[in-house]
Amino acid sequence: MIQVSETAKKKVIDLMTEGGFDASTDYVRVGVESGGCSGLSYKLDFDKEKDEADKVFEDNDVRIIVDKKSFLYLVGTTLEYSGGLNGKGFVFNNPNAQRTCGCGESFSL
């Protein structure tokens with residue numbers, strides 16, 4: 001399961017609305033891809049449809065879809081949002097990551 005903090009929920013809903021998506025029917029697609037300074041990087045996007053093989057979660061009124069491969073890396077992750085002057089934006093608090101880069105956008109297992 002992937003959890004969504006209250007601050008991330010508010011930002012996701014705002015961004016979805018701005019992008020023409022509906023948080024009550026559309027999805028946040030979360031995934032992992034090769035790259036970044038630690039080997040793997042996170043990706044986050046919005047999607048109106050899910051694939052047959054996607055895992056679907058709902059937490060804090062946010063509907064999340066994850067492909068099967070990425071799911072293995074993301075089990076137990078919490079999506080958070082840090083705003084303000086020193087904020088980083090969306091942050092993945094991933095208990096599976098053994099090492100993360102300074103910016104928090106990539107990790108390794």
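**Notes on the predicted model**

1. Four aromatic pairs are counted in the model. One of them joins tyrosine 42 and phenylalanine 92, whose rings are stacked, with 4.2 Å from centre to centre and 10° between the planes. This pair links distant parts of the chain, since tyrosine 42 belongs to strand β3 (residues 40–47) and phenylalanine 92 to strand β7 (residues 89–93), 50 residues apart. Both tyrosine 42 and phenylalanine 92 are buried. In the rings of tyrosine 81 and phenylalanine 90, the centres lie 5.0 Å apart and the planes stand at 65°, so this pair is edge-to-face, the class that applies to planes over 60 degrees apart.

2. A charged side chain also meets a ring: lysine 55 lies over the face of phenylalanine 71, at 5.3 Å from the ring centre.

3. For the overall layout, the protein has two helices and nine strands, and from the N terminus on these elements follow the order β-α-β-β-β-β-α-β-β-β-β. Of its 109 residues, 38% count as buried. Among contacts with a separation of 6 or more, 52% are accounted for by residues 24 or more positions apart.

4. Which strands form the open sheet, and in what order? Three strands do so, in the order β1-β6-β7, and their pairing is mixed. Because β1 (3–4) and β7 stand at the edges with a single partner strand each, one side of each is left without a neighbour in the sheet. β1 and strand β6 (residues 78–82) run parallel and are joined by two bridges, and valine 4 stands opposite leucine 79 in β6. Helix α1 packs on this sheet, where it touches β1, β6 and β7, and its direction makes about 80° with that of β6.

5. Isoleucine 13 is placed in helix α1 (residues 6–18), and with a relative accessible area of 26% it is partly exposed. The C-alpha atom of isoleucine 13 is separated by 9.2 Å from that of aspartate 61, although the two residues are 48 residues apart along the chain.

6. The largest nonpolar core holds 20 residues, of which Val12, Val28, Val30, Ile64, Val66 and Leu74 touch the most other members. At least two residues of this core come from each of α1, β2 (27–34), β3, β5 (62–66) and α2 (68–74). Leucine 74 can be followed individually: leaving aside residues up to four places away in sequence, leucine 74 touches Met1, Ile2, Val30, Gly31, Val32, Tyr42, Val66, Asn94 and Asn96.

7. Apart from residues up to four places away in sequence, aspartate 26 touches Met16, Phe21, Asp47, Lys48 and Arg63.

Key. Residues numbered from 1 in each chain as written. Predicted model: local features only at pLDDT ≥ 70, side-chain atom pairs only at ≥ 80, totals over all residues. Heavy atoms only, no water. Phe/Tyr/Trp six-rings, centres within 6.5 Å; stacked < 30°, edge-to-face > 60°. Helix = DSSP H or I, 4+ residues; strand = E, 2+ residues; numbered from the N terminus. Buried < 20%, exposed > 50% of the residue type's maximum accessible area, 1.4 Å probe, protein only. Lys NZ or Arg CZ within 6 Å of the ring centre and 35° of its normal. Pairing = 2+ DSSP bridges. Contact = heavy atoms within 4.5 Å. Axes fitted to C-alpha atoms, helices over the stretch in contact; angles between N-to-C directions. Core = buried A, V, L, I, M, F, W, Y, C linked by side-chain atoms within 4.5 Å.
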